[in-house]
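Please take a moment to look over the sequence and the model before reading on.

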Amino acid sequence: MQTAPYDQVSKGPIDYIMMDFLAEVTMSIMQKQKKRNPELGYAKDLVPLVEHILPTCMEKDIKIITNGGGVNPAGCRDAIFKWARKKGIKNLRIGVVLGDDILDQLHALNAKGIALNNMETGEGLDSVREKVMSANVYFGAWPIVDALNKGAQIIITGRTTDTGLTLAPMIHEFGWKQDDWDKIAAGTVAGHILECGGQASGGNFSADWRAVPDIAHIGFPIAEAYPNAEIVITKHENTGGLVSLQTVKEQLLYEIGNPSNYITPDCVADFTTIQLEEVGKNRIKMFGVKGKVATDSYKVSMSYLDGYTAIGTLTYAWPDALDKAKAADQILRTRLADLGLKFDEIRSEFMGYDSCHGPLSVMPGEINEVVLRFGVRGHDHAAVERFGKELAPLILTGPPAVTGFAGGRPKPSEVIAYWPALMPKSAVKPVVEVAEV
Amino acid sequence: MKRAMRIKLLDIAHARSGDKGDTGNVGVIARKREYYPLLTKYLTVDRVKKHFEGIALGKVERFDMPNLWAINFLLHEALGGGGTKSLKNDAQGKTLSSAMLRMELDIDERITL
């Protein structure tokens, strides 16, 4: 069980807790689960997590907002209701946001002239349409605001931007308008800061990682928002971690493109206008954020099967660890070629030497051990599987002092390719349902 | 002309990196306000492209963020296809930040570290 959500609701005052569950590949996995069992297709961890924190949340009137509904937010709601009835919990209102899942509308949308071309490559959807495993529109904050206005204690969405989860309660509390672009942008930036666990409160902190106190008990970041859109980033007292100008700056730079145009369904935020000021211990005030009018498109995220990979490792010990690993790499490549196996890519890396920094890596004087990490990718499942059988024999038929094959044969994993597209906002409507047990 | 100092980028900056598909982003932040002009002067697109030769196969883009004493770099085609396609150990580009900070700079200025 994750302890962070319980810490957030129990170790200090908050009014809302946001939980982002969806990586790019998650939706395709959830579609598969739903195909096998129509009641599933949401983040399985979410239900026990809600069970754990809900009593505290109801007592303190903390609202829970999450996109863990995946491709079945209603199923997720029903699972929570089922548990609540068993526990005799009364007056629990759950809102769901539906309508983001357009998997069964792709033909209809194309027929209406909505092309859904790949927004990075320009390719037409025709080339992959029959292979698409999931297709979801990114909704923003407004459907959640609707559910909050209807008194929901828990809001479960499908594909919603992580920034929307954080922005929504600010709009709801302060009555911000759709075209309060600067305020909407400020709430969006706060969402970006909160979106990645402890990455704004001392996690993955490059400036001075040793200076982060008690990181074992790291407090996750909290946004303390004010009606004028000034927002203080902080964390609960008596938790570990660090909220400083440097930790917040690092998170602001995380996974952004052009900082002047941070595009969400709710606005276009300008990260070059963000002002930060330290206003207390573990308290960073953010102000001055400028926003621009939202675009008239939603982003759509689709996934499709695009081949297989398999990756295996072997560990070579001193002496000549790197030389032996490199020899093993060549032997393996020769044997795969002899077998006539065709791959789209073969890649070997030498962990302990160059798997992170590649050609920038500096050769150490003497290396105690090195891990050969060998991977193949291709569209022929049988070939990728066959590769898995070639790794173990290297222990007996290759260079000496090799180990680390306890994990067994590398098995093929699916390559879930990602197809980003745009569609007009007018072509899809979010649906908000609020129900009570 | 003899340069005044040789420094490691690590001495004057910190960084965070991540992925968007096959593109890695590297945010470089000056440790002190007075170091920021060094970043804008020496971390040219060409210099960064050369540093990541063999890693970033596509173009390099640079976006200045003086409000945060920072520069955001986009390294295109740097993640072996990105996502589940990539065979790289660091398919998400999490360590591109520290790879950036390895850079050594010969600077005209004398600074105290």
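Domain bounds, as used here, come from an automatic or database domain assignment. By that assignment chain A is divided into domain 1, which covers 4–300 + 421–436, and domain 2, which covers 307–417. Taken over C-alpha atoms, the centres of domain 1 of chain A and domain 2 of chain A are separated by 38 Å.

This is a predicted model, in which local features need pLDDT of at least 70 and side-chain atom pairs count only at pLDDT 80 or more, while totals for chains, interfaces and linings use all residues. Residues are numbered from 1 along each chain as its sequence is written, and chains are lettered from A and ligands numbered from 1 in the order in which they are written.

Consider next how the chains meet. Two residues are in contact if their C-beta atoms, placed from the backbone, lie within 7 Å, and in this sense 43 residues of chain A are in contact with 34 residues of chain B. At least two residues of the side of chain A that touches chain B come from each of α9 (245–252), β13 (297–317), β14 (345–351), β15 (369–378) and β17 (413–424) of chain A; these helices (H or I, at least four residues) and strands (E, at least two) are DSSP runs, numbered from the N terminus. With 5 residues, β17(A) gives the most to that side of chain A.

The interior can be described through its nonpolar cores. A nonpolar core is a set of buried Ala, Val, Leu, Ile, Met, Phe, Trp, Tyr and Cys residues joined through C-beta atoms within 7 Å, and a residue is buried if 20 or more other C-beta atoms lie within 10 Å of its own, exposed if 12 or fewer, and partly exposed in between, with C-beta atoms placed from the backbone. Which members of the largest core, with its 132 residues, touch the most other members? They are A:Ile144, A:Val189, A:Ile233 and B:Val28. Helix α8 (residues 181–194) of chain A gives the most to this core, with 8 residues, and the core draws at least three residues from each of domain 1 and domain 2 of chain A. Leaving aside neighbours within four places in sequence, A:Ile144 is in contact with residues including A:Ile65, A:Val97 and A:Leu165. A second, separate core of 14 residues includes A:Leu322, A:Ala325, A:Val370 and A:Leu391.

Two strands pair if DSSP finds at least two bridges between them, and an open sheet of 4 strands in chain A has the order β6-β7-β11-β10, with antiparallel pairing. Because β6 (222–225) and β10 (275–280) of chain A stand at the edges with a single partner strand each, one side of each is left without a neighbour in the sheet. β6(A) and β7(A) pair in the antiparallel sense over 4 bridges, and the bridge partner of A:Ala223 in β7(A) is A:Ile233. Strand β7 (residues 231–234) of chain A also pairs with strand β11 (residues 283–287) of chain A, in the antiparallel sense over 3 bridges, and there the bridge partner of A:Ile233 in β11(A) is A:Ile284.

Finally, turn to a single residue in a helix. A:Val50 is found in helix α3 (residues 46–60) of chain A, and A:Val50 counts as buried because it has 23 C-beta neighbours inside 10 Å. Not counting residues up to four places away in sequence, A:Val50 touches A:Ile64, A:Ile80 and A:Ile154.
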